[in-house]
Amino acid sequence: MNEKCNGGRGVAWRRWCVAMLACLCALAALPALAQTLRWATRGDVESMDPHALAETTTMGVAGLIHDALVERDRDQRIVPGLATSWQAVDATRWRFELRRGVVFHDGSPFTADDVVFSILRAQQPSSQLNFYARPLGTPVKIDDYTVELRLERVNPILLQQLSAVMIMSRTWAVAHHAERVPSYQAREEAFSSRNANGTGRYRLAQREPGVRTVLERNPAWWGRLEGNVQKVVLTPIANDASRTAALLSGGVDFVNDVAVQDLDRVRADPALRLTVAPENRLIFLGFDLGREESPYVGVKGRN
């Protein structure tokens, strides 16, 4: 990850498949002269619907616009989000107390109705986030600021899965006929594909698919936002060389996916800062099957 250091830039975070959060937080603490962060990335945001697509850039931007009940801090610990506290009532029932006084970007209040709606919506077959949402069980409203998750079975990673499910406004979704998650695989479009209304640190100000996505700071956000970035302009630049050239020339301030072949050039530029951090995700498990006798029980074979 890289940032142009001509005086420094601050940047806010929400979450980028967990690892992005920690890196953006670190950048947010830097002194800054400008309040607009020009961000380039390999891919565009594929949908503004927070439940449509499990893809890094899409989820990262969704996490700046929306909040989840719980989130991760810089050290990747689970901390309160839209839920201030929670407890396991028994092995298959979890109760969450919700944050009061939170409003969506359109000014409407956040309540338990939005939580129940969002979890059920994310469980729909057309949602690529349903593998996170389905193990959360059935959400039940106890009162306006209390929600219970009633599980089919014990779920030891419930909080980790809950951190991936963004909360939408039920009233907004119903008003715009966006109760159903548009299928990304079927190339379906809905109002939620190009518009958004969350409770998060930033609100969607402009959306031009394939060109730019502009976010503006949410002055009504319930938390304490680090850094001074008032506006984020995300520009997709698919070509690795062009993206690196934009960074080196000062055309953009921040790139989160520098190509491996360009790392030395970035590292050598005194005006750039290269930040490396671990990601909290597993791509695949690969078994060593190249030996005649595999060390894994019951597994034998060759490549």
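Q: Which residue in S8 stands opposite proline 139?

A: Leucine 149 in S8 stands opposite proline 139. The model is a predicted one. The pair belongs to S7 and strand S8 (residues 146–150), which pair in the antiparallel sense over five bridges.

Q: What is the order of the four strands in the open sheet?

A: The order is S5-S6-S8-S7, and the pairing is antiparallel. S5 and strand S7 (138–143) are the edge strands, each pairing on one side only. On average, neighbouring strands of this sheet are turned by 25° against each other, with direction ignored. Helix H3 (residues 112–122) packs on the sheet and touches S6, S7 and S8. The direction of H3 makes about 175° with that of S7.

Q: How many residues of H3 are buried?

A: The general idea concerns helix geometry: with 3.6 residues a turn in an α-helix, residues three or four places apart point the same way. In this structure, H3 is mostly covered, with nine of its eleven residues buried. Among them are Val115, Val116, Phe117 and Ile119. The buried set also includes Asp114, Ser118 and Arg121.

Q: How many bridges join strand S5 to strand S6, and how many residues lie between the two strands?

A: Six bridges join strand S5 (residues 83–90) to strand S6 (residues 93–98), and the two run antiparallel. S5 and S6 form a hairpin, with two residues between them. Reading across the pair, tryptophan 86 stands opposite phenylalanine 96 in S6, and alanine 88 stands opposite tryptophan 94 in S6.

Q: Which side chains of S6 point to one face, and which to the other?

A: In a regular strand the side chains alternate between the two faces of the sheet. S6 is a case of this: Trp94, Phe96 and Leu98 point to one face and are buried.

Q: What does S6 pair with besides S5, and which residue in S8 is the bridge partner of arginine 95?

A: S6 is joined to S8 by five bridges, and these strands run antiparallel. Glutamate 148 in S8 is the bridge partner of arginine 95.

Q: How many salt bridges does the structure hold?

A: Side chains of opposite charge can pair when their charged atoms come close. The structure holds 25 salt bridges. One of them joins the side chains of aspartate 44 and arginine 207, at 3.4 Å from N to O. Aspartate 44 lies in the loop between strand S2 (36–41) and helix H2 (56–65), and arginine 207 in strand S9 (residues 202–208), so this pair ties together parts that are 163 residues apart in sequence. Aspartate 44 and arginine 207 are both buried.

Q: Are arginine 194 and glutamate 189, which also meet in a salt bridge, buried or exposed?

A: Their side chains meet at 3.4 Å, N to O. Glutamate 189 counts as exposed because its relative accessibility is 55%, and the cut-off for exposed is over 50%. Arginine 194 is partly exposed, with a relative accessible area of 44%.

Q: Where do aspartate 262 and arginine 265 fall on this scale?

A: Aspartate 262 is buried because its relative accessible area is 8%, and buried means under 20%. Arginine 265 is partly exposed, at 45%. Their side chains meet in a salt bridge of 3.9 Å, N to O.

Q: Which residues form a nonpolar patch on the surface?

A: Leu282, Leu285 and Phe287 form such a patch, and together they have about 380 Å² of accessible area. Leucine 285 is in the segment after strand S13 (272–274). Leucine 285 is exposed, with a relative accessible area of 64%.

Q: What are the totals for the protein in helices, strands, buried residues and surface?

A: The secondary structure comes to nine helices and 13 strands. Of the 303 residues, 50% are buried. The accessible surface comes to about 14300 Å², with 51% of it belonging to carbon and sulfur atoms. Among contacts between residues at least 6 apart in sequence, 62% join residues at least 24 apart.

Technical notes
Residues numbered from 1 in each chain as written. Predicted model: local features only at pLDDT ≥ 70, side-chain atom pairs only at ≥ 80, totals over all residues. Heavy atoms only, no water. Patch = residues over 30% accessible without salt bridge, like charges linked within 9 Å, V, L, I, M, F, W, Y side chains within 5 Å. Areas by Shrake-Rupley, 256 points an atom, 1.4 Å probe, with all protein chains shown as cover. Salt bridge = Lys/Arg side-chain N within 4 Å of Asp/Glu carboxyl O. Buried < 20%, exposed > 50% of the residue type's maximum accessible area, 1.4 Å probe, protein only. Pairing = 2+ DSSP bridges. Contact = heavy atoms within 4.5 Å. Axes fitted to C-alpha atoms, helices over the stretch in contact; angles between N-to-C directions.
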